[in-house]
Amino acid sequence: MRVAIIGAGIVGLATAHALLDRGHEVVLVEPGAKQGRPTDGNAGWIAHTDVMPLASPKAWRNLPRWLMDPLGPLTIRPGYLPHLAPWLARFLLASSPARIKASIGAIRSINAEALPAWRSLLSSLALDGHLRENGILSVWRHRADFLRSQDIIERQRGFGIGAEILQPQELAKLEPALHDVEAAVLYPDACHVSDPAVLAADLLRLALERGAMLVGAHASRIELQDGAIRVHTDGSCPALGVDQVVVAAGIWSRALAAQLGDRIPLHTERGYNATYPKGTFGIGRPIMFEGEGFVTTPLDTGDRVGGAVEFAGIEAAPNHSRTDAMVQRLTRFLPHLKSEPAAKRWMGFRPSIPDSLPVIGPAGKDRRVIYAFGHGHYGLTQAAVTAQMVAGIIEGRPGSVDESPFSAQRF
Ligand SMILES: Cc1cc2nc3c(=O)[nH]c(=O)nc-3n(C[C@H](O)[C@H](O)[C@H](O)COP(=O)(O)OP(=O)(O)OC[C@H]3O[C@@H](n4cnc5c(N)ncnc54)[C@H](O)[C@@H]3O)c2cc1C
């Protein structure tokens, strides 16, 4: 089949390889990495050990404190509130115990396949060298907060996820640069990638070498016809005739889905980061600073601190006081950072759905259009498994992950 993939972010790229593996003809429609696409600036975690949706008791516990602080881990710009209200209403609904349980089950089902899918994709392309397998740490400033998180750890263990509670001396040995931490858990099986932008660039290069075609334009419209589908672009190239279309344009997918009659509650949780020269932090593995709303990653290309959730849409300019505030909070844990010069700052658009589940499945009007977007905080983690699911849907061969919780018709 000839398949157009709209968007060559991490999800589109992984999908391109899954389809090339199965002998399909692939056309990537991509205007050239949009400013703020999260594929390039994310934290690089393959966080398959995470199981909680954003609408979780953990988030609600921290929410009042976070919302009080305009530069804290979670902010809603007042002017954006009216646009966000329907999304927030769905977020509230997704917070009922039954819905949280359903989201956890679905997140686990897809995350359980995430690392095997990445391993298989990377090894088939001889890109295994991108995986860094040093585990991931969660740390708490106060033991009382750690004790309140026991339910999550128990739940993870119930799923067979390794979670080792570290004694202070074990933590000091593992990460001697860390200060002001009273509790820590090591997830030995979690991992990260060398650098997400470099990985994406390699995947694009290899997709083209394997025969994928690249159309350097915005897809502006998907026209459904009986015999074929036509993808119109805003470039000078004529409309593309294809058998199937995959919409993998991150936050920009919403408008394309709306044209086909699917109103998807997709908004962006804007995230920020600062990247320092490699080795600045003096840490050996990714760290989640629980309750602080940021993580750090020792990427091959630099040490990155990233996180924060800001609801302000895609048009508003970045507010890097937020990045500075995050760095300021990090100096509590890494005091030597105070004397470091300014880092490279970045803001990007997580494509987020209120129940923290991506949309993976056919459009309402026509099964020849497959959606693959809305991965929120886990798009890198879930890209390779999403690609396998999309390939299975296109070929009518369901895989091991139940697709129903990810359907576009669930809203
Ligand atoms: C601060 C931060 C940290 C994060 N950390 C992690 C992490 O550690 N682990 C993890 O798993 N996830 C993480 N994420 C989330 C992850 O980065 C995203 O979920 C993921 O990158 C989404 O990928 P995507 O391919 O769906 O979308 P995008 O990266 O947005 O790519 C979409 C592509 O579509 C193209 N496009 C847009 N419109 C059109 C159009 N009309 N026609 C053609 N092409 C179009 C864009 O140019 C872009 O290339 C993080 C996000 C942020 C912001």
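In which loop is Ala 126 found? Ala 126 lies in the loop between α6 (114-124) and β5 (131-132), where helices (H or I, at least four residues) and strands (E, at least two) are DSSP runs numbered from the N terminus. The structure is a predicted model, in which local features need pLDDT of at least 70 and side-chain atom pairs count only at pLDDT 80 or more, whereas totals for chains, interfaces and linings use all residues. Residues are numbered from 1 along each chain as its sequence is written.

The protein has 13 helices and 21 strands, and its C-alpha atoms fill a box of roughly 65 × 45 × 40 Å, taken along the principal axes. The radius of gyration, taken over C-alpha atoms, is compared here with a globule rule of 2.2 Å times the number of residues to the power 0.38. For 411 residues a compact globule would have a radius of gyration near 22 Å, and the 21 Å of the protein agrees with this. A residue is termed buried if 20 or more other C-beta atoms, placed from the backbone, lie within 10 Å of its own, exposed if 12 or fewer do, and partly exposed in between; by this criterion 47% of the 411 residues count as buried. Two residues are in contact if their C-beta atoms, placed from the backbone, lie within 7 Å, and among contacts between residues at least 6 apart in sequence, 74% join residues at least 24 apart.

Helix α1 (residues 10-21) packs against α10 (residues 196-209) at an angle of about 35°, with the axes 10 Å apart, and the axes of α1 and α13 come within 8 Å and cross at roughly 35°. These axes are lines fitted to C-alpha atoms, for helices over the stretch in contact, and the angles run from 0 to 180 degrees between N-to-C directions. The crossing of α1 and α10 is left-handed, whereas α1 passes α13 in a right-handed crossing; a crossing is left-handed if the near helix is turned anticlockwise from the far one by less than a right angle, and right-handed if clockwise. On the α10 side, Ile 10, Leu 13, Ala 14, Ala 16, His 17 and Leu 20 of α1 meet Ala 200, Leu 203, Leu 204 and Ala 207. The residues of this contact of α1 with α10 divide into 9 nonpolar, 1 polar and no charged, where Ala, Val, Leu, Ile, Met, Phe, Trp, Tyr, Cys and Pro count as nonpolar, Asp, Glu, Lys and Arg as charged, and the others, Gly among them, as polar. Towards α13, the residues of α1 in contact include Ile 10, Val 11, Ala 14 and His 17, and those of α13 include Gly 379, Leu 380, Ala 383 and Ala 387. The contact of α1 with α13 comprises 11 nonpolar, 5 polar and no charged residues.

The shell around the ligand draws at least two residues from each of α1, α2 (38-41), β15 (267-276), β19 (344-352) and α13 (379-395). Of the 41 residues around the ligand, Gly 7, Gly 9, Gly 250, Gly 271 and Gly 379 come nearest, a residue being near a molecule or strand if its C-beta atom, placed from the backbone, lies within 6 Å of it. By class, the shell has 20 nonpolar, 17 polar and 4 charged residues.

Ile 46, found in strand β3 (residues 45-46), counts as buried because it has 26 C-beta neighbours inside 10 Å. Its C-alpha atom is separated by 5.2 Å from that of His 192, 146 residues apart along the chain, and, not counting residues up to four places away in sequence, the residues that Ile 46 touches include Trp 118, His 192 and Leu 380. Ile 394, placed in helix α13, likewise counts as buried, with 22 C-beta neighbours inside 10 Å. Leaving aside neighbours within four places in sequence, Ile 394 is in contact with Met 1, Val 3, Gln 244 and Ile 370.

Most residues other than glycine have a negative phi.
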